[in-house]
Each structure stands twice: as structure tokens, then as C-alpha cells.
Amino acid sequence: MAENSEELHIVSDSSNSTTNGRACKRKREENKHTTREKIVTPVEPFPVKSYSGNSIAGIGTGGEKKVNQDCLLMLEDPQSRTLVLACCDGHGSYGHHISRFLTDGLNDCLLKHEKFLSDPQTAIQEVVQDIEFAARCRSDIDTRFSGTTLCIVVIRGNLILVGNVGDSRVVIGVRDTKTAKILPKNLTVDHTPDNPDEFKRICTSGGRIYRVVSGSGVWGPSRVWLSNIDAPGLGMSRSICDDIIHTAGVVSTIEFFTHTCDVENDCVLIVATDGLWEFVDSQDAVDIAVACSEPSVASTNLLTEARRRYLESENASDDITACVAFLGGHRSGCSSTSSCTDNSD
């Protein structure tokens, strides 16, 4: 029987969606490569061909499996022809509870929000605010020193709406029309303390930002600290919950971006937690994904390579979660560095 520390939590669209597009299933599984895949019927101008998500828990320096604090959401609403992809990366003692609470809440409430069809950005903002408030009111979740990131993508027609809180990331692979190479375009900006705008807000609010040197003399990343005590040392400038450090300039404000999809040249979309991006840059991630014939293979390969690089560098690994969507420009077996043509009839 799997221990709780070895479980994943993925909220996914149902393969047998009801007519209202809100049939979803939840399933916990043992900590292994875990995949949900959906083939999307190509109805113009919807750009997504297929998509899949995958998550693995981190490994400690002694080889022990960690509690997977990542959560993944994949939700399809056939009625509005909308696809929602999201990942959360929890941190702190209650991080896995908060990331799970957030994905469950999005699954239950987002499509039902009165503005989801007309104004999905407002719907996301209001639903996330409500979920954050509800998490803080629960007696079984301590949100003072725990929280989660959120990276959410809503695809409707050829418009991609992206919302971000924290250091998870969304990347799209776009074919250069001149060279035919597939290049990455980041659709989010990492919310780190070093970001000039984030730095200014935190310092103005009384927070402190500095790096810590480990016992081996290696400088860690910049972290956010309270004005009068060396705690908690949060490695990001925006987070959902984390109540105490919110008094020092960290916020849960969602930053939104939009992208108009080019169905001929946009090839792949990757939504992933920082466990992927720590050692796999955006170009490498696109290279790995576009070389695959199925998004389930692409997400598995991304996680496998990220873990390999983690273990090689640190003898341990973070939780790693990635969702891959193949877009209209994807050609099976393409390389990001060579020209590919569509030979289909």
C-alpha cells in the first residue's frame, strides 16, 4: 500500500465528459510517472491537438522519496471549447495541502463562475481569492508559513490566457518562419526577489532580501525575510497563502499575459513547476518536447531529464511537474533545429 508521502494528486478532465463539460475525476496514485492524456477533436480555430500531464515527487539526499507538494490540473469544457491547464508547487509544512486545496477549488468552481465565459481573467482572480481565503479559515491547514505557486493557462479559440503567481513557468515553442527552427517564448515572468519591480515592492513594505551561504560556501538564491527576524526566507516574491511573509511585501496578485496562437507555427506549450526549470532551460524543454510524437512521452521525457540533471548536480531532486500540449504547428518527429514539413494529405 502506498504511503501518503508517495502519493500524487492530479485533477484531470474526464475522458467521458458530460454535456456541461464539468465531469472531472480525481485520483491519487503511487509516486511514479503518472499521466493523463486527452486527444482533442480538431475544430478550427482551436489550436490544441492533444495534451498530457505528468508529475513525480522529489528525492532526498539519502534516496528517500519526499511528499510531492506539486499538483496538476487539466480541465476541458466542451461547451465553451475551453481547455484549462494549471500546476501548483506547494512549499512549507502544509504546502501539499494548500496546492491540493487550490487545484480542487479551481476544479470545482472555475467553470461555474458567472464570468468564466465572458471574462475568464476576472473569473480566475475571484476564484483564487476565494480559495485562498477559505484555506486560511481551515483549522486543518496552517497557512502562516506555507503556500503555493500557481501557473494557469486558459485556451479558448486561438487565444491563450496565462496567469502566474510565483516561479512556475509557461513556455511555448514557436517555429521561426525564416529558419524553421523552433524557439522558446516564455509566456510568464518568474516572480523572484531579484526582479527589480518585485524587489522594490518588498523593500518598500519593510521586507528584506538577501542570499544565504551554505556550509560548503555555495551561495543560495535570494530570499525574502521579515524586517526584524531571519525568517521565513521565501525564495519567491509572490505566493498564495504564506500569511506571515505577506506582511513584508510578498503578494498573491496574479500576473496575467495573453498570446494569440499561430496555428501553423506554434508547436508546443509547456506548463511546469520550477522542478523542471531549475536545470532544464526553456530551449532544452522545447527541444525535448517537439522531438516526441505524443505529449505523454514528451512530459515523461522532460521529467526524466530534469531529475537526471538534478541528481547529477545535487544528489537530490525537487518535485517535478509538467503538462505538455501539442499545438497546430507540431509535426511528429520534428527537431527544433531542423526544418519539418507537413506531409499529411
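Colleague: Why does Y210 count as partly exposed?

Modeller: Y210 has 27% relative accessibility, and buried means under 20% relative accessible area, exposed over 50%, partly exposed in between (1.4 Å probe, protein chains only), so Y210 is partly exposed. Mind you, this is a predicted model: local features need pLDDT of at least 70, side-chain atom pairs count only at pLDDT 80 or more, and totals for chains, interfaces and linings use all residues. Side-chain values use heavy atoms, with hydrogens and water left out, and residues are numbered from 1 along each chain as its sequence is written.

Colleague: And W225, buried or exposed?

Modeller: W225 comes in at 9% relative accessibility, so W225 counts as buried.

Colleague: How many aromatic pairs does a search of the whole structure find?

Modeller: Two. Rings of Phe, Tyr and Trp (its six-membered ring) pair if their centres lie within 6.5 Å; planes under 30 degrees apart count as stacked, over 60 as edge-to-face and the rest as tilted.

Colleague: What makes Y210 and W225 a stacked pair?

Modeller: Their centres are 4.8 Å apart, with 10° between the planes, so the pair is stacked.

Colleague: What makes F279 and Y310 edge-to-face?

Modeller: There it's 4.8 Å centre to centre and 75° between the planes, so that pair is edge-to-face. F279, at 24% relative accessibility, is partly exposed, while Y310, at 6%, is buried.

Colleague: How do you know that the charged end of R156 sits over the ring of F116?

Modeller: The charged end of R156 is 5.0 Å from the ring centre of F116 and is listed as sitting over that ring; the term asks for NZ of Lys or CZ of Arg within 6 Å of the ring centre and within 35 degrees of the ring normal.
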